[in-house]
Amino acid sequence: MRAVRIHEHGDESVLRTEEVDRPTPAPDEVVLAVHTAAVNPFDTYIREGIVPPEDGGLPHVLGGDAAGEIAAVGDDVVAFEPGDRAFVTGLGLDGPGTYAEYVAVPDHRVAHLPAAVPFEAGAAAAETVTTSLMALDRGGVDAGDVVLVQGAAGGVGHAAVQVAAHEGAFVVGTSSPGSMDGVRDLGVDAVVDYATEDLAAAVLDATGGRPVDVVVETHAAANVAADVGTLATGGTIAVLGEDDDITLAGPTAGLAKGKRATLAFASHMRSTEHHGEALAAAARLLRRNAVEVTVDATFPLEEAGAAQRHCLSSGGFGKTLLDVSGEGSA
Ligand SMILES: NC(=O)c1ccc[n+]([C@@H]2O[C@H](COP(=O)([O-])OP(=O)(O)OC[C@H]3O[C@@H](n4cnc5c(N)ncnc54)[C@H](OP(=O)(O)O)[C@@H]3O)[C@@H](O)[C@H]2O)c1
């Protein structure tokens with residue numbers, strides 16, 4: 001089968017499309033024939049060696065998420081059979097990933113993909129919707145809460161605003177100016193330019209003076225100080241991405257203490273025991289059209305490097321995908 005592997009850590013030039021052996025399932029595993037894989041910033045951290053594969057072994061197949069059809073099941077698997085549509089997430093750190101025609105996955109990390117949900121939508125939703133559910137859960141979001149999503153045009157952010165709205169929150173999203181209309185179209189209550197606006201003033205203006213109960217933060221190093229300024233007493237910043245050291249200077253730290261703020265860290269890639277359950281919850285949201293994940297761009301498997309570059313570039317909207325099967329939409 002074809003797979004995109006790294007033999008050393010580095011920039012996109014270390015990605016190689018190669019012929020490798022097709023996996024066979026262990027007793028508790030299924031083998032997914034990958035139709036579509038998603039590209040995540042985390043894949044580039046593994047590629048660069050910032051977060052190396054857990055077994056340390058190279059060569060290594062990259063890729064966290066995919067949707068496709070079950071090709072084979074292990075002897076102990078009862079919930080899946082060959083031909084089932086399914087999707088997976090959180091692979092590629094503790095084993096081979098999804099930039100491949102086939103991937104073996106423990107059955108508790110797989111969920112059925114509803115017939116009405118195309119493979120592209122499943123791959124695009126796998127990490128984004130499950131991470132959104134995890135972040136909102138870390139923040140303890142209730143209906144009626146004010147939720148601020150930093151990076152609302154990104155893969156995770158644009159899913160998080162929809163899931164938060166579905167849970168009955170008043171949702172404010174941030175983006176760069178070029179993406180503000182797109183974020184508004186997702187049904188958020190207000191959009192703020194993360195680079196130029198006074199965040200606290202803009203949020204209070206949008207909410208009629210109500211501070212934020214939960215921030216879903218994808219760029220904590222840049223934003224955490226401003227986030228504290230928006231928070232209600234007892235509010236939570238659910239930290240997903242940081243990019244750099246997170247620092248709270250004296251007065252901001254004092255403000256955070258006064259508000260009894262919580263910095264709640266959450267890692268999708270290190271919550272693998274919940275992935276089957278979280279994917280099943282995502283499938284229910286997709287089936288009800290409660291969340292629609294936007295596909296920003298799709299690249300062939302052989303162009304995984306260009307896809308990763310696109311994923312990290314500014315100005316995109318939604319999710320970058322790899323068409324692994326070459327069959328296009330399905
Ligand atoms: N902890 C976890 O489990 C977890 C899970 C998933 C993702 N993450 C992390 O979350 C981050 C985002 O992931 P993603 O997949 O959504 O990435 P993405 O699709 O590349 O989106 C990133 C978005 O962030 C926006 N942005 C850039 N700088 C910003 C800033 N200072 N404030 C607010 N928004 C800003 C970008 O907007 P413009 O294009 O307009 O500049 C872009 O829309 C990454 O660091 C990723 O590693 C963590």
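Modeller: Let us start with the surroundings of one glycine. Gly90 touches Gly64, Arg109, His268, Met269, Thr272 and His275, leaving aside residues up to four places away in sequence. Please keep in mind that this is a predicted model.

Biologist: Where is Gly90 placed?

Modeller: Gly90 lies in the loop between strand S6 (85-88) and strand S7 (102-106).

Biologist: Why is Gly90 called buried?

Modeller: A residue is buried if 20 or more other C-beta atoms lie within 10 Å of its own. Gly90 has 28 other C-beta atoms within 10 Å, so it is called buried. Gly90 and Glu127 are also 37 residues apart in sequence and 7.1 Å apart in space, C-alpha to C-alpha.

Biologist: What makes Ala123 count as buried?

Modeller: The reasoning uses the cut-off of 20 or more. Ala123 has 35 C-beta neighbours inside 10 Å and therefore counts as buried. Its place is in helix H2. Ala123 touches Thr36, Ala37, Ala38, Asp65, Ala66, Ala67, Phe87 and Leu321, not counting residues up to four places away in sequence. Val214, by its C-alpha atom, is 27 Å from that of Ala123, and the two are 91 residues apart in sequence.

Biologist: What is the phi value of Arg260, and what is that of Asn289?

Modeller: Phi of Arg260 is near 50°, a positive value in a residue other than glycine. Asn289 is not a glycine either, and its phi is positive at about 55°.

Biologist: Which residues does a cis peptide bond join?

Modeller: It joins Leu58 and Pro59, with omega about 5°. Pro59 is found in the loop between H1 and strand S4 (60-61).

Biologist: Let us turn to the whole chain. What makes the protein chain as compact as a globular protein of its length?

Modeller: There are nine helices and 16 strands in the protein chain. Its radius of gyration is 20 Å, close to the 20 Å that the globule rule gives for 330 residues, so the chain is as compact as a globular protein of that length. Along its principal axes, the C-alpha trace spans about 60 × 40 × 35 Å. Buried residues make up 51% of the 330 residues. Of the contacts with a separation of 6 or more, 70% are between residues 24 or more positions apart.

Biologist: How is the protein chain divided into domains?

Modeller: It is divided into domain 1 (2-113 + 294-323) and domain 2 (128-265). The contact between them takes eight residues from domain 1 and nine residues from domain 2. The side of domain 1 that touches domain 2 has one nonpolar, six polar and one charged residues. The centres of the two domains, taken over C-alpha atoms, are separated by 29 Å.

Biologist: Which residues touch the most other members of the largest nonpolar core?

Modeller: Of the 103 residues in this core, they are Leu32 and Ala164. H2 gives the most to the core, with eleven residues. Domain 1 and domain 2 both give residues to it, so the core lies between them. Leu32 touches several residues, including Ala66, Ile70, Val88 and Tyr102. In soluble globular proteins, nonpolar side chains tend to be buried together.

Biologist: How do you know that the ligand shell lies between the domains?

Modeller: Domain 1 and domain 2 both give residues to the shell around the ligand, so it lies between them. Of the 31 residues around the ligand, Gly151, Gly154, Ser176, Gly241 and His268 come nearest. Elements that give two or more residues to the shell include helix H1 (41-48), strand S10 (170-175) and helix H9 (304-312). H3 gives the most, with three residues.

Notes. Residues numbered from 1 in each chain as written. Predicted model: local features only at pLDDT ≥ 70, side-chain atom pairs only at ≥ 80, totals over all residues. Near = placed C-beta within 6 Å. Helix = DSSP H or I, 4+ residues; strand = E, 2+ residues; numbered from the N terminus. Domains from an automatic or database assignment. Contact = placed C-beta atoms within 7 Å. Nonpolar A, V, L, I, M, F, W, Y, C, P; charged D, E, K, R; others polar. Core = buried A, V, L, I, M, F, W, Y, C linked by C-beta atoms within 7 Å. Buried ≥ 20, exposed ≤ 12 C-beta atoms within 10 Å, placed from the backbone. Rg over C-alpha atoms; globule rule 2.2 N^0.38 Å.
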